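Here are my notes on the ligand site. Please read them with the model open.

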Amino acid sequence: MEFCVMKLSLMALATWFACATPVSAQTDSAAPDNGNFDVKQLFATTCGWCHSDGGRAAGKGPQLMNTTRDDDFIRDRIKNGKQGAMPAFDSTFSDAQIDQIIKYIRELKPREG
Ligand code: HEC
């Protein structure tokens, strides 16, 4: 009887491991800083209604593609906005996320076709 209980709890433990391992493996492989941050998606939903065509064209805001601004300027503009022009995103994004937005802007290319 005692053996039986022991075996059961071992099985429970084995099951626990079997379930727990893939979950933690998944968490490890995701980038810790930005989770499922999709910068393209974010830009389209959050910035796109002012910076048109993913930042490729001017809208309410200026075109961002081929910007001559440096990283600090862009970071500052995203964080602090500009009164009467662009909202301040302040702590909406982590620094790592802003890095990705800057990278996104720098990598913008005209659409093909
Ligand atoms: C409500 C409209 C609006 C939204 C939303 C908006 N912006 Fe802007 N943005 C502007 C305007 C207007 C300017 C020009 C400000 C100025 O006169 O310097 C600007 C300027 C900028 C600049 C500086 C460009 C330059 O060369 O001076 C960057 C970079 C920028 N925005 C990035 C973003 C990002 C990234 C987002 C989304 C997280 C965003 N903006 C959302 C309106 C907007």
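1. Which side chain has an N or O atom 3.0 Å from an oxygen atom of the ligand? The side chain of R69 does. Keep in mind throughout that this is a predicted model.

2. R77 places a polar side-chain atom 2.9 Å from an oxygen atom of the ligand. For H51, a polar side-chain atom lies 2.8 Å from a nitrogen atom of the ligand.

3. Next, the metal. The iron atom of the ligand is coordinated by H51 through NE2 and by M86 through SD. These distances are 2.0 to 2.1 Å.

4. H51 is in the loop between α2 and α3 (52–55), while M86 is in the loop between α4 and α5 (95–106). The pair therefore ties together parts that are 35 residues apart in sequence.

5. Two elements, α2 (39–47) and α4 (71–80), each give two or more residues to the shell around the ligand. α4 gives the most, with four residues.

6. Finally, composition. There are 23 residues around the ligand, and C47, C50, H51, R77 and M86 come nearest. The shell divides into 15 nonpolar, four polar and four charged residues.

Definitions and conventions. Residues numbered from 1 in each chain as written. Predicted model: local features only at pLDDT ≥ 70, side-chain atom pairs only at ≥ 80, totals over all residues. Heavy atoms only, no water. Near = heavy atom within 4 Å. Polar contact = N/O pair within 3.5 Å; in protein donor to acceptor, adjacent residues only side chain to side chain. Nonpolar A, V, L, I, M, F, W, Y, C, P; charged D, E, K, R; others polar. Donors = N, O, S within 2.8 Å, 3.2 Å for Na, K, Ca; no water.
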